[in-house]
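Please keep the coordinates open while reading.

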Amino acid sequence: MTTQTESMHPPATDLVIGMAGSGGDGIVSAGESLIAAAAAEGYHAMMTKSFGSQIRGGESSCRVRIGTSALHNPGGILDVAVALNWEDFLRFGAELPVSSQTVVIYEKATNVAPDQLPLGGVHPTDVFAVPIEEIARKAAGTDLAKNTVVLGLLAGWFDLAPDAILRGIRKRFAKKSAELVQNNEKAFQSGIDYAKANPLRQARPLARVSRSTAGLMLLDGNDMCAAASLFAGCEFFGGYPITPSTEIMQYLSREIWRYGGAVLQAEDEIAGIGAAVGASFAGKKSMTATSGPGMSLKTEMLGLASIAELPLVVVNVMRGGPSTGLPTKPEQSDLFQAAFSGHGDVLRPILAPTSVADTFRVTVEAFNLAEHYQTPVMILSDQEIAQRKETVDAIDTSRFEVLHRRVPTGAELESYERFRATESGISPISHPGMQGGNYLAAGIEHNDKGDPTVSGKIHARMNEKRFRKLDPLRHRQDLFAIEGDADAPLALIAWGSVAGVCRESLARVRASGLRAKLLVPTLLWPIAEGVYQDFLASVQAGLVVELSHQGQLYRMLRMQVDVPRGLKSLTRSGANPFLPSEIAQRLEQLAIDLQSRVSDQKGEG
Amino acid sequence: MTTKVSGLDFSKLTLLDALDLAVLIEEEAMDRYRELAEQLEVHNTHAAAKFFRFMERNEAKHREALLTQRTARFADAPRHVRREMIFDIEAPEYDEARTFMSLRAALEVSMRSETKAREFFESALAQISDSEVRTLFAELRDEEIEHQGLVQKELDKVGSGAPGDPEDYADEPVSH
Amino acid sequence: MTTVQLTSKDFKSNLKPIWCPGCGDFGVVQGIYRALASIGRPPHEIAFVSGIGCSSRIPGYTTAYGFNTVHGRALPIAQGIKLANPELLVLVAGGDGDGFSIGGGHVPHAIRRNPDLTYLVMDNQIYGLTKGQLSPTSACGLKTVTSPHGAIEHPVNPLLYVLSYGAGFVAQATPADMAGMTAIIEEAIRYPGFSFVNVQSPCVTYGEDHQQVKAHRTAMKTLASMGHDPSDRMRAFELASHYGEQLYTGVFYRNPNPPPTYGALVKERQAALAGGLPRERILESFIQR
């Protein structure tokens, strides 16, 4: 076989690789190596991981997307699928979708014939049953080096930064022994050799990039959230381990001490947020993080922070629910909880990041809102963003303003009233240690001074104050991204990780000539009626796309905004990711329907 | 009884210290009657509260008189006796007030306090050697006896005819 | 940290207690005023945290920074405060329901961390604020509105509970002995670490007659008069096991060699790790090299 038989495609600008195996196969480690190498070469890259429920040894998978330009999501249908065994691969279902265009690489020892792949009637044209274990054994003396062989195969077939991968392998194994380095170098080379000897039907080399990698970062959303909290001045974190948010606490447990702060790993979720509320009362910026079930436990404390007007950032890294649900998979089903859980008349701002990079901005914003408005602020992240690793271009942190709570001046402390009525509804806040600022913070309703009361009149006035202070939020245009054609009749609305999918879908339909636009709210609650109303003015048809069964933002919009009849909810339960292509197709269909309605109306006329 | 005062040796009590102690005893009683009156006012137990307010003013007067005596004799000589050294000498105990307590019950509280104070001075007298201090404490004891008489008169006025237990007529407590 | 000459009055706020006249808590709050005056820290350097219940209203009756929080959660909130500002004197108070029922899970964890704070439980063996239901320290057989046929469960023993998790200072007091109680509270505050005082503070409205302050005056027996050595932890267990039968007051246990406090260890760690990237350059650690 010679390379002459290959037909040559223009170099790919984007490659989506999905790999699955059992935990012992180290397929996620291979993904880590791949993304690190891609990042080092200057590619934009992103990796999501997905696991079964076992602590170790269960099925595990990762998707690595590598592109020459900015990526907004982990990609749709796989360009390359790697299956170390089929049972594990198939457990991921819609998370690892394949088509006939997908290059399928699988372990030959699975004894599945290339034309008998268990892919539900999909028949890929490029299928390789590779004796991965055997190659590993021969090269490295152990079949444990399977994942290194896989890296070699990928480097060989797709020209994926082989030098950088090799550097990564050396770095990784150098800590162990020179022999291990050598064996893995051999395993890697054997993979490359195998690929060269068995070329693809059509070569698909990834285009080279030439951009500076200076300042380029590689991290996941949880680390970004934790680091951003330190940037914003966080000095206290109280929390309890819960997947998929725990890495936030882990990062801060390592780092926060360097900044004079502290982490309290609490005895339960309630104590975690309680300690954070206490630290805030004591004058420190503080945060807690959890996922849905933990949020349920923390809810009572949110009420306390709201009525005592204490700044607090609360992160909910959403996973599938209710209850334990799907703890390792993303879902957008906690928006109702974030907005409506808890007792009493209360308004808490809710922000959602759309990517790892965006998590920085959103976290800093959350601290700013919390401190400025003296309120708990929720960040709704999700498992995908929180645990996906992606390349992030250098962030110029000097562009971000960091706000602090307004403390009383010396003159104000002369006759201090903690909840003094002000025009903005924001009252200067003292803290223990501040002479003259002494007051009683309480869950019970209080007057301006902070003294408890059961007066209905004062309660009404204080409720009004607590809502009024948040009014300006609903006019924060900068907390909404609007993309596409301003007067388009077709629209998408999406938040969180789904927004990145919709960004790509929008680009696709606009490239094919449709006029469409996309609204991505960072601020989910309170609903900024005006922003939606303006956006929807030109809209005749569209979709609010959400990864949940109910479509919670859509329902909240229906509560508060006059949504056009043509705006529908497109939903799907968690762990069934949307594909950019399918949303694009939906939009195209909507455009066709609109067209025919127009012609119908003309016909009737 | 003298265990109610900490850090003072009664056998060596000087007149200055004795006067200061007497002022503080009255002051404590005054504060306590005010606190009990406040408790009762918050709980709309007016007749008893009014009486405790009356007692507060009484104790204030005594305190004032003793203070005048002290200043006349010792001017602003430094004090050695501190409020922290005493607890409940003439003051009714904190647990003496009751919601809806009758005037009669309030008078009985006062009677117990005056009796308690008299007993205190009596037992102190047994330990005191200084003649001036003895005179002062004897006066104070006699005052307590006089007060007992006054309170008894008020009790007689109220009569022993029991008005019934106010709890039998009152609303149920309110839960929070 | 400052200490100044202060009197009880400096700690008394203008708020009028909602407690029923005759409530044990009136004595307790006076004891606290006096203990704080004796300690000498000004009110603005004190954070007084409570949960929910009659006794949890107590911070508002002092001039300190008060935080009347949610039911059962005073300890975690207080630990957050203490960690955020170790210089503060932190007092925590609440009832038996707050501390040993809804918040019972927090007590062992506060103890194992050993923050330098003082936890005062006003134990009245009943739920007063909600009108007389069974509490975790109610005696077996007690008839209440939620146990009209008599309680069939046994009470928690707060003293053993706290002792067994390793608290360094465990005491019991009653407002029937104001001087004794005040001295115990002061000693608890001065103890460097987690200190616990179970104050038998009767409920005048729903409590049993034999548990009222008056009854305490005759029933109480001081541990000092029994010759108890507070450094003897095993003897402390034995004495504490009589909770509910005997009203022993005084210090059951005081660790003669107090271990480092949580705050001290946190400070040590902060000092050891000081000097990371400045906050504005925090992202540099993620840069690929």
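A:M46 has A:E390 as its bridge partner in β16(A). The model is predicted. Strand β3 (residues 44-51) and strand β16 (residues 389-392) of chain A are joined by 2 bridges and run antiparallel.

Where does this pair sit in the sheet order? The open sheet has 8 strands, running β7-β6-β5-β2-β4-β3-β16-β9 (chain A), with mixed pairing. The edges are β7 (127-130) and β9 (217-220) of chain A. Each has a single partner strand, so one side of each lacks a neighbour in the sheet. On average, neighbouring strands are turned by 15° against each other, direction ignored.

Helix α4 (residues 146-158) of chain A packs on this sheet. The helix touches β2 (14-22), β5 (80-83), β6 (103-107) and β7 of chain A. Its direction makes about 160° with that of β2(A).

Helix α6 (residues 178-197) of chain A has 20 residues. From first C-alpha to last, α6 reaches 28 Å, close to the 28 Å expected at 1.5 Å a residue. Buried residues of α6(A) include A:N183, A:K186, A:F188, A:G191 and A:I192. The buried residues of α6(A) pack against α3 (132-140), α4 and α5 (162-174) of chain A.

The domain assignment of chain A is as follows.

| Domain of chain A | Residues |
|---|---|
| domain 1 | 3-203 |
| domain 2 | 217-399 |
| domain 3 | 406-474 |
| domain 4 | 476-604 |

How many Å separate the centres of domain 3 and domain 4 of chain A? Taken over C-alpha atoms, the separation is 41 Å.

Definitions and conventions
Residues are numbered from 1 along each chain as its sequence is written. Chains are lettered from A and ligands numbered from 1 in the order in which they are written. This is a predicted model: local features need pLDDT of at least 70, side-chain atom pairs count only at pLDDT 80 or more; totals for chains, interfaces and linings use all residues. Domain bounds come from an automatic or database domain assignment. Two strands pair if DSSP finds at least two bridges between them. Helices (H or I, at least four residues) and strands (E, at least two) are DSSP runs, numbered from the N terminus. Axes are lines fitted to C-alpha atoms, for helices over the stretch in contact, and angles run from 0 to 180 degrees between N-to-C directions. Two residues are in contact if their C-beta atoms, placed from the backbone, lie within 7 Å. The expected span of a helix is 1.5 Å times one less than its number of residues. A residue is buried if 20 or more other C-beta atoms lie within 10 Å of its own, exposed if 12 or fewer, and partly exposed in between; C-beta atoms are placed from the backbone.
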